[in-house]
Amino acid sequence: MRPAPKVVQVPDAASMAREAARRFVHETTNTLARAEVFRVALSGGSTPKAMYRLLASPEFRDTVDWSRVQVFFSDERFVPPDSEESNYHSAQEGLLSSVPIRRESVHPVMTVGVTPEDSAARYEASIRSAFGDADSMVPAFDLIFLGMGPDGHTASLFPETDALKITDRIVAPNFVPRLDSWRITFTYPLLNAAKQVMFLVQGPDKAQRVREVLAEGADLPAAGVRPHNGRLVWLLDQSASSEYDLAASRVSDVQRTS
Ligand code: 6PG
């Protein structure tokens, strides 16, 4: 039986960043108390950027043993790594260049000189190599961060795109007609094998989809993320949860932070 989602409501974007950074440190510390490595996948878009800045600050930076952290990306735009559009670039600029993480512990998606198919195959191989898992296994990330778009997409699993249907790969190329562009994305098998998935969703433009996913079980890409055994946390600011009645919610646990 899949555990029900835990919904945490925070007042605003600043408190979202702080709660997410606090949880990042908490999960890293807990994992490294019993394991050698903490493997995390960062989400893309703009929401994580404030968390990155906090994690890079003296308040948080020195509370993480970055020498034992491995960083991946739950999806990537098919753009050069130095593009402002690149999720790797955002994380590198906002966080990774400011913390003592080894270069070989950061795993960007290759997006130059390869086809989208080659890129996805290479990324799958790099994930499997980092986990040291047999090809038959689906690697279980300690923590995967995800965002959600106003259309209910998550990672680069957009409505009515091919990657939604993939069940036999952990990373896939995905052409997104609405954007007229290729993306490289974790697939549901990899997302749902995670020990924990944490959505960071803020802004009134997400409120309707939050209600549809959490209260109505709508058939949206973000609703397909239900880890088999892992924890699922939705971190929502008040504006993104404005259409979702936390009190009447069906989720397992609702928490409001000040
Ligand atoms: C991407 C993302 C995507 C993102 C959502 C939310 O590469 O764009 O991975 O899934 O998380 O679109 O983006 P915002 O945080 O910018 O609203």
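Strands β6 and β7 (residues 181–186) pair in the antiparallel sense over six bridges, where strands are DSSP runs of E with at least two residues, helices are runs of H or I with at least four, and both are numbered from the N terminus. Two strands count as paired if DSSP finds at least two bridges between them. Within this pairing, Val 171 has Phe 186 of β7 as its bridge partner. Strands of a sheet pair through backbone hydrogen bonds, either parallel or antiparallel.

The model described here is predicted, with local features requiring pLDDT of at least 70 and side-chain atom pairs counted only at pLDDT 80 or more, whereas totals for chains, interfaces and linings use all residues. Residues are numbered from 1 along each chain as its sequence is written, and side-chain values use heavy atoms, with hydrogens and water left out.

The open sheet is formed by three strands in the order β4-β7-β6, with antiparallel pairing. Its edge strands, each pairing on one side only, are β4 (75–77) and β6 (171–176). From one strand to the next the twist averages 25 degrees. Helix α5 (residues 116–131) packs on the sheet and touches β6 and β7, its direction making about 150 degrees with that of β6; contact means heavy atoms within 4.5 Å, and angles run from 0 to 180 degrees between N-to-C directions of lines fitted to C-alpha atoms, for helices over the stretch in contact.

Around the ligand there are 15 residues, of which Ser 46, Thr 47, Asp 75, His 153 and Ala 155 come nearest, a residue being near if one of its heavy atoms lies within 4 Å.

| Residue | Protein atom | Distance to a ligand oxygen atom |
|---|---|---|
| Gly 44 | polar backbone atom | 3.4 Å |
| Asp 75 | polar side-chain atom | 2.6 Å |
| Arg 183 | side-chain N or O atom | 3.4 Å |

The protein covers 88% of the 420 Å² of accessible area that the ligand has on its own, as given by the Shrake-Rupley method with a 1.4 Å probe.

Gln 202 lies in the loop between β8 (196–201) and α7 (207–214). Not counting residues up to four places away in sequence, Gln 202 touches Ala 13, Met 16, Thr 47, Asp 237, Ser 239 and Ala 240.

The chain has seven helices and ten strands.

Note on methods. A polar contact is a pair of N or O atoms within 3.5 Å; within protein, one must be able to donate a hydrogen and the other to accept it, and residues adjacent in sequence count only if both atoms are side-chain atoms.
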